[in-house]
Amino acid sequence: MPAVAAASMDESGGATSSENGHYTPQNLPGVYQLPRSLGEMQTPSMVCIAWGSGNKLRLSFLQHSVPAARSNTGTEGAERGNGNGASQSGGGAAVIEIELGGRAALGLDAVEDAEKRRIAYGSLPAFALLQNKRKMLQQAKEFSGMLPDDWWEHVLEYSYNISNLLAPTSTTSMGLQLDKKSRKEKQEQTLLRAVWELTEIFFVDKHVTSWIPEKLVDWLTVYDRALARTEPTVQTKLVALQHKLPNIQFPEDDADYWEGACSALAVGWLDIVIKFLRMHGSYRLDQIDNRQTENGLVEAVTVLISKMPRLRPHLPSGAPGIAYGFKPDFAKAWEKWRSQVAKLDNSMFWSECNHHGTLLGLKKLLQILLGNVDALITATCHWIELLVAHFLYIVPFSMVAGEILSIARKCKQLKHVSGNENLRELLLAIISNDTEIVLAECSQLFGPWMMAHVVELLTAKSTHAQALLLEERSALGSISLEELHRVIYAQVLSSHHLTWQLSPTYLASCPKQGCGLLENVLLKQPVSGNSRLFLKVLDISRLYDLGVVGTALSRHLEGLLDLLDSEVRSAQGLSFLHRYRDFKNSLHEIREYRSSDLCNPKVTVAGRHAADCLLQLLKPGASPLRFWLSILHDSVDLLEWPQQVLLNEVETTTLMTYLQELKLAEARGDVEAVNALSSEQAKQQLDRVRLALALNLGRAILQS
């Protein structure tokens, strides 16, 4: 069993380190705990192993009931094997999750690498599905060379899937609290998701075009903390205030209370502002002073905030404000509401407010609602917060990209502080739809994964971005920027033994250099002595029609099988390879005989031997379903044998049955069958096999 890093957990986690510094099975953190814990089990009678995400391994320990008595030898063996001398009787089971490797392998670098692998594996299905949709559109007869107008909807679905994948967890997979460096890595992942979703808003989702200010409010609500990595934000201010308020009897006496309320209002967090105002001391019933006028003013401001018109299709349940999806209706309601705010600001009741802090605080809130620029600048911290405030209270209607860029640059100048300049430039570029800068800054901040996947977002609805990223460039070897970034990411994947098998999907989407690079990746795999890896490489080479790799593997197979003894050959996977080698060798002999002398009697003998190898290869359970079409296609030479019929009526019918089973499996949605028959070349091969079988069946019937 692989060792994992020794560490201590709290009593609820149940994991402690053994004396030799390794986890023992009974004290590993449990994922599922069944009737008896692992610590109460004897040597398990069955262990089931399954991969988790990243480099996590999930082990299921199953135990049948056995007598309690146990020999000393057995106990010592348990101590040596598991580090556990427990000998209590009884059945039970436990499922645990561990990390592969020792102490060094489970350090911070391993946690980071495992998280990157989780994202790499998780993003592959979404990417592959989008590429398949693109390919289907391009193969359609009515395809005009341009993607359809609704293509952005497919990209939006893809973006949702990736965004959900990027949601970080709060602890490591070992259940331990994150230390300082690990927390930084999680913050970077949160920042990655923040940038991804902001790109989705401005480059993909056409639904939000008319209510971008409100969409930015939602985005800021989730990711304002991520921006706090480099500079102060409203969220960090409110977190500090949250710890302070419970210890204050009358918060209205504290300047920080009003400052926090103003900041929350400026960025559109109306629910927080209302909660703050409800904490005002004038609402308390156990007071001697007459604060009715003061309380009335607080309540009036609270009601105005709760009735603020908001240009968006709908609001979450219980959220303050009134949603208007139709712009003319919103404009009308906005003007009426603003007049009510102005009326309250000029009310004579302010002179009767005896609490100076409340008077100043409520007046600042009203100035924010009225769109006072100085009040908005004072209330916000980050330049994006100021931009959101500007959109909400000064120009709440949608604008063209040029106007947004001008306002964003002004906000950035007003809120310029020391910090991550690359991040500021990236956020500005996204908001202003500047594709070139987005690419440059994403490359600096996030690396190959982001570059390979974000291109789909940038080109979803922008013709300028499509021209920039999809145009072939002579300086890049006649490939596009899109292909370049996919190739770079595929090279990163292929450099690691746990991720190389992901690279074919990305290389297959590269029309210029993908095929050649994929051949190199497959040919470099160490298949010697590893039948599973051999089958994997062979499967990939057939899926992408890589004849060079298939030929090289067939030659390598001869040497591989010659080194195997009879006991090893009996294994199912290697048995298939052995039969497949014999079949390919027979076909090769036939071609050599026929090229020299068609009348050579050895030709017919070799042909019949090849037919026998074919039938052995297609015995029930002998060959994986995904190879059936390829094997049948290789048999066309035998079915079209000119001298005589090599396969009789019964044998031909058997081959037709396999072909029918393959089609039925595709109809059922079997993944292997669908993949085997999905390409255009596979369909052509299928038609040729059908024709050859039909012709041979007719010849066999006439000959019998």
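A salt bridge is defined here as a side-chain nitrogen of Lys or Arg within 4 Å of a carboxyl oxygen of Asp or Glu. The structure is a predicted model, in which local features need pLDDT of at least 70 and side-chain atom pairs count only at pLDDT 80 or more, while totals for chains, interfaces and linings use all residues. Residues are numbered from 1 along each chain as its sequence is written, and side-chain values use heavy atoms, with hydrogens and water left out.

The structure contains 26 salt bridges. One of them joins Asp 687 to Arg 690, with the closest N and O atoms 4.0 Å apart. Both residues belong to helix α31 (residues 680-703) and are 3 residues apart, about one turn of the helix; helices are DSSP runs (H or I, at least four residues) numbered from the N terminus. Asp 687 is partly exposed at 47% relative accessibility, a class lying between buried (under 20% relative accessible area) and exposed (over 50%), with a 1.4 Å probe and protein chains only. Arg 690 is likewise partly exposed, at 40%. Elsewhere, salt bridges with shared partners link Glu 231, Lys 412, Glu 421, Arg 424 and Glu 425 into one network.

A salt bridge also connects the side chains of Glu 472 and Lys 512 (3.5 Å, N to O). Glu 472 occupies the loop between α18 (463-470) and α19, and Lys 512 the loop between α20 (503-508) and α21 (514-523), so the pair ties together parts 40 residues apart in sequence. Glu 472 is partly exposed, with a relative accessibility of 47%, and Lys 512 is partly exposed, with a relative accessible area of 47%.

Conventions:
Helix = DSSP H or I, 4+ residues; strand = E, 2+ residues; numbered from the N terminus.
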